[in-house]
Amino acid sequence: MIPDELPLSRALVDRAAHLRADASAVDDARADPTTRVLLVGDSSVVLSADGELALLTPADADEAAATLEGTPADEPGTAHDAEQWLLLGADDGGRYLARRVRATRPAPPTGSPSDVLVHRREAPPAPRELPSGLVRAALRTVGADLGARDAGLATAAVALDAWHSRHPRCPRCGGPTRITQAGWVRTCEVDGSEHYPRTDPAVIMAVIDDADRLLLGHAAAWAAGRWSTLAGFVEAGESLEHAVRREVLEETGVVVGEVKYRGSQPWPFPASLMVGFHARATTGDVRVDGVELTDARWFTREELARAVVDGEVIPPGRSSIARALVEDWFGGPLPAGAAAF
């Protein structure tokens, strides 16, 4: 069975949506000594020396962010400053904010396909030296090692930060937008329309044949040795089940019959929700499309274990629903081998 709680799908902090309508919610939280702040930017978060999510006071967060950005800390209350703070939620211990750090990586070149943002795996440029004991790390890398509360906070922060970075203008009139509702809405300064964070549904599936073999593919964008379950975005007007069947057929030529839901996981790279399935193949011949996938093959459990140990197959990372789907079929953790991606 897929675990009830995947590392990046758990959220133990109340999102406290009732606080967002208060225009002073963020300022009040910043003035409260019990408030804790995480730093987010470039799909990365800042960790403490023990590998836990660094939850700082608002003042310490501003100082650390200024160090990362190489600029003086912003003066409180300015319009620019308001763009940097997001209310993530609250619990009995107080409120949680995210302090955004300005992007340090250039955007992908014009004309790059949109999924370059999904598969983009390079680390952000080395930051300036952080205060003692703090280190910046990509959420992809550390997500599986965070506790339930911290994984939920970090995932929400990365998703919101990516949305704000990519949606500075109104899709209706092109006018500039500003953060409202404590970071959960952007309001157009020209026509007053409100815009909300988007989530793009994607299906991801463990395709299994009558011999109980698992179908894995190698994407064109991946380095040699990387293999994973098939996946793809849901198209407009399409059900999740139809998306599973269409994607498998398009990418591998395999026909799928029965489709069973297995679990979901937020995937904020930059804004996806991965919906996981088991899919039963009714045909076995594999013909990759050569565009999204350059290779695909069936694996028995013994074949996959041997390939992982030998380094022939680099499996999905432990923080991903892809890994959970593979290990659900495998019957337990995969053996140690080459580093996962």
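1. Helix H9, spanning residues 321–330, is mostly covered, with 9 of its 10 residues buried. The buried positions are Ile 321, Ala 322, Arg 323, Ala 324, Leu 325, Val 326, Asp 328, Trp 329 and Phe 330. The cover over these residues includes strands E9 (200–208), E10 (214–219), E12 (256–267), E13 (272–281) and E14 (293–299), together with helix H8 (301–310). After H9 comes Gly 331, which has a positive phi, near 100°. The model under discussion is a predicted one.

2. Asp 328 pairs with Arg 262, and their closest N and O atoms are 3.2 Å apart. This pair links distant parts of the chain, since Asp 328 belongs to helix H9 and Arg 262 to strand E12, 66 residues apart. Asp 328 counts as buried because its relative accessibility is 14%, the cut-off for that class being under 20%.

3. Strand E12 also contains Val 256. Val 256 is classed as buried because its relative accessibility is 7%. Apart from neighbours within four places in sequence, Val 256 contacts Val 207, Arg 245, Val 248, Ala 279, Arg 280, Ala 281 and Thr 282. Val 207 lies 49 residues from Val 256 along the chain, and the C-alpha atoms of the two are separated by 7.9 Å.

4. As to the chain overall, the model has 9 helices and 14 strands. Of its 341 residues, 50% are buried. The chain exposes about 15,800 Å², and carbon and sulfur atoms supply 52% of that area. When contacts between residues at least 6 apart in sequence are considered, 65% join residues at least 24 apart.

5. A separate point concerns the open sheet of 3 strands, ordered E6-E7-E8 with antiparallel pairing. Its edge strands are E6 (177–180) and E8 (194–195), each of which pairs on one side only. Strand E7 (residues 185–188) runs antiparallel to E8 and is joined to E8 by 2 bridges. In one of these strands, E8, Glu 194 is the bridge partner of Thr 187. Helix H6 (residues 148–166) lies across E6, E7 and E8 and runs at about 15° to E7.

6. Asp 191 and Arg 172 form the pair, with their closest N and O atoms 4.0 Å apart. The pair links distant parts of the chain: Asp 191 is in the loop between E7 and E8, whereas Arg 172 is in the loop between H6 and E6, 19 residues apart. Asp 191 counts as partly exposed because its relative accessibility is 34%. Arg 172, with a relative accessible area of 63%, is therefore exposed.

7. In total, the structure holds 21 salt bridges. One of them joins the side chains of Glu 69 and Arg 99 at 3.7 Å, N to O. Glu 69 is in helix H2 (residues 58–69) and Arg 99 in strand E4 (residues 94–100), so this pair ties together parts that are 30 residues apart in sequence. Both Glu 69 and Arg 99 are buried.

Notes:
Residues are numbered from 1 along each chain as its sequence is written. This is a predicted model: local features need pLDDT of at least 70, side-chain atom pairs count only at pLDDT 80 or more; totals for chains, interfaces and linings use all residues. Side-chain values use heavy atoms; hydrogens and water are left out. Buried means under 20% relative accessible area, exposed over 50%, partly exposed in between (1.4 Å probe, protein chains only). Helices (H or I, at least four residues) and strands (E, at least two) are DSSP runs, numbered from the N terminus. Contact means heavy atoms within 4.5 Å. Two strands pair if DSSP finds at least two bridges between them. Axes are lines fitted to C-alpha atoms, for helices over the stretch in contact, and angles run from 0 to 180 degrees between N-to-C directions. Accessible areas come from the Shrake-Rupley method with a 1.4 Å probe; for residues, only the protein chains shown count as cover.
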